[in-house]
Amino acid sequence: MLRTLSIENIAVIEKARIEFNRGLNVLTGETGAGKSIVVDSINAILGERTSRELVRHGADHAFVSASFEDISAEAAKGIAELGFGADEDGVLLLSRRISENGKSVCRINGFPATASILKEVGRLLVNIHGQHDSQQLLNPDEHYTYIDRLGGENAPLSEYRDLFHELISVRRRLRSLTSDEENKEKNLDLLDYQIKEIERANVRVGEHAELTKKKLMIDNSEAAVSAIDSAVSVIKGGEEIEGASVSLSSVLKELSAVKGATDKLKSAASKIADALELLEEANDILLSERSDFEFDEGERERVGERLDALYKLGLKYGGSEENIVDYLNKARAERNAILSSDEELERLTEEYSALLEKTAKKAEELSDFRKRTAKRFEAAVREQLEFLDMPKIRFSVKFEHGNLSANGVDKIEFLISTNPGEPPKPLAKIASGGELSRIMLAIKNVLAKTDAVGTLIFDEVDTGVSGRASGKIGQKLKAVSKDTQVITVTHSAQIAAFADEHFLITKDFENEKTYTKVTSLDFDGRKRELARIMGGLNITDSLLKSAEEMLLSQED
């Protein structure tokens with residue numbers, strides 16, 4: 001429910017804070033005092049379009065915030081899907097700052113939000129019904145929702161929708177296969193070519209790295225062989241020079257022949273022996289590696305051609321050998337799928353036919369359920385309308401058979417006849433503003449216990465209604481408020497007398513400026529306000545007594 005509403009610099013309201021309560025909250029005041037501004041402020045906080053004219057003259061911005069408590073599970077779920085939620089105390093705070101240039105900043109529990117998100121959240125929390133603000137009731141596309149809500153958890157809509165969405169999924173796959181049928185041969189030819197090209201190439205993961213290394217060796221083979229030969233020549237010698245190993249062997253022989261050699265001399269001889277052994281090992285390695293660097297021109301060409309082939313395949317099929325192999329596997333799978341598509345098409349066709357029959361049957365079950373529910377709905381609404389002094393209005397629910405959709409097969413529309421003998425016609429063509437408000441009130445009363453929205457706001461629901469009918473409207477508002485918080489703006493003393501919380505909106509003038517105040521009334525304040533509504537400026541003792549009797553009668 002809406003707990004608090006804070007308003008700053010909205011039109012003639014400089015600052016106001018309204019603490020709403022459960023039950024029926026009534027706002028009254030003289031014409032022009034600012035009652036509509038309170039509703040405008042609530043509309044602003046619910047994400048409706050605003051303008052710079054809403055900002056109080058002389059202020060650089062306007063601000064409105066609203067806190068909500070005891071949010072229904074259904075509304076909380078919808079709000080969570082939008083990425084928001086109540087705080088740890090279960091409070092949801094909406095705020096909106098409107099600058100003088102018309103731009104606004106919206107927040108939900110302190111987190112930034114757009115006006116459109118604020119509007120989505122607001123729809124889950126509050127329904128506002130004014131004389132010209134019952135668009136949902138005027139829209140036949142929404143009428144099935146009223147019937148389904150009265151049907152409650154027993155309505156088979158959820159089961160039907162599961163089947164319908166499954167049917168749509170199968171139909172999409174069927175359409176995809178059918179459209180692919182025309183290009184099947186063309187796709188097969190392309191896939192066959194690609195598969196054969198990759199298979200002929202016999203791509204192996206890691207081959208490119210090996211070939212690149214080998215190409216580097218080939219490109220440097222001449223320099224490597226020359227360096228190896230030079231090193232071997234230095235170690236082993238040749239026809240004209242004596243190699244290092246021969247020289248060291250000779251030196252080692254002489255040192256070993258020295259008698260009485262010192263320890264240091266022996267150590268030096270040992271190191272020369274080690275060096276000689278290392279030279280022999282190095283020579284063996286050089287000779288064995290030399291063969292690895294012996295390439296002919298044919299080898300160079302083969303490596304280059306293979307690298308070039310892998311590069312071209314990579315450009316076509318994804319770059320690396322891994323991607324090329326993946327492409328091959330996917331192409332094979334796609335080819336198999338196309339070859340087996342005839343079987344898949346036949347299987348899906350059978351599945352679609354079975355699902356269509358099952359969905360159509362469930363749609364008829366849903367339709368039958370709705371028609372039974374509609375009979376209860378019609379009777380209940382007619383009873384409410386009769387109580388609201390609209391006994392001559394005939395209210396009925398019209399069913400037409402349409403195409404399967406997510407909402408069933410029914411085209412549902414509410415019809416009324418305001419005069420005896422006239423055939424029922426759509427609400428939008430017949431109902432006046434006052435009638436529409438009372439019809440909505442009647443429907444809300446019927447659906448009060450099924451409504452997930454925690455707050456209903458009726459803006460001047462008594463417009464164009466007589467005193468007796470106003471009393472009846474007051475009784476119905478009171479009845480609805482037992483299950484859902486109701487806030488209403490009214491000019492009717494009969495309606496105001498039913499209030500659980502009564503707010504007086506007044507307008508004062510100070511320093512050539514206009515100020516609107518919102519005051520919660522006690523019993524005496526309510527008595528004077530009811531007397532004012534009934535008698536205008538001339539409040540007599542008899543009016544005060546009548547007002548007191550009216551209030552006391554509601555407490556009985």
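**Setting up.** I am working with a predicted model, where local features need pLDDT of at least 70, side-chain atom pairs count only at pLDDT 80 or more, and totals for chains, interfaces and linings use all residues. Residues are numbered from 1 along each chain as its sequence is written, and side-chain values use heavy atoms, with hydrogens and water left out.

**The sheet.** I took helices (H or I, at least four residues) and strands (E, at least two) as DSSP runs, numbered from the N terminus. I found an open sheet of 6 strands, in the order β2-β1-β4-β5-β6-β7, with antiparallel pairing. Two strands pair if DSSP finds at least two bridges between them. The edges belong to β2 (13–19) and β7 (111–113), each with a single partner strand, so one side of each has no neighbour in the sheet. From one strand to the next, the twist averages 15 degrees.

I then looked at one pair: antiparallel strands β5 (residues 92–99) and β6 (residues 104–108) are joined by 5 bridges. Arg96 has Cys106 in β6 as its bridge partner.

**Helix α1.** Helix α1 (residues 35–45) lies across β1 (2–10), β2, β4 (61–68) and β5, and runs at about 105 degrees to β1. Axes here are lines fitted to C-alpha atoms, for helices over the stretch in contact, with angles from 0 to 180 degrees between N-to-C directions.

**Helix α2.** For burial I used under 20% relative accessible area as buried, over 50% as exposed and partly exposed in between (1.4 Å probe, protein chains only). In α2 (residues 73–81), the buried residues are Ala75, Gly78 and Ile79. They cover an arc of only 100 degrees around the axis, which puts them on the same side of α2; the arc is that of the directions from the helix axis to the C-beta atoms. Ala73, Glu74, Lys77 and Glu81 are exposed on the other side. The buried residues pack against β5 and α3 (115–125), where contact means heavy atoms within 4.5 Å. Just after α2, I noted that Gly83 takes a positive phi of about 95 degrees.

**Helices α7 and α13.** The axes of α7 (residues 184–201) and α13 (residues 321–339) come within 9 Å and cross at roughly 145 degrees.

**Asn9.** My last stop was Asn9, in strand β1. Asn9 is buried, with a relative accessible area of 16%. Leaving out residues up to four places away in sequence, Asn9 touches Glu14, Leu54, Val55, Arg56, Ala59, His61 and Ala62.
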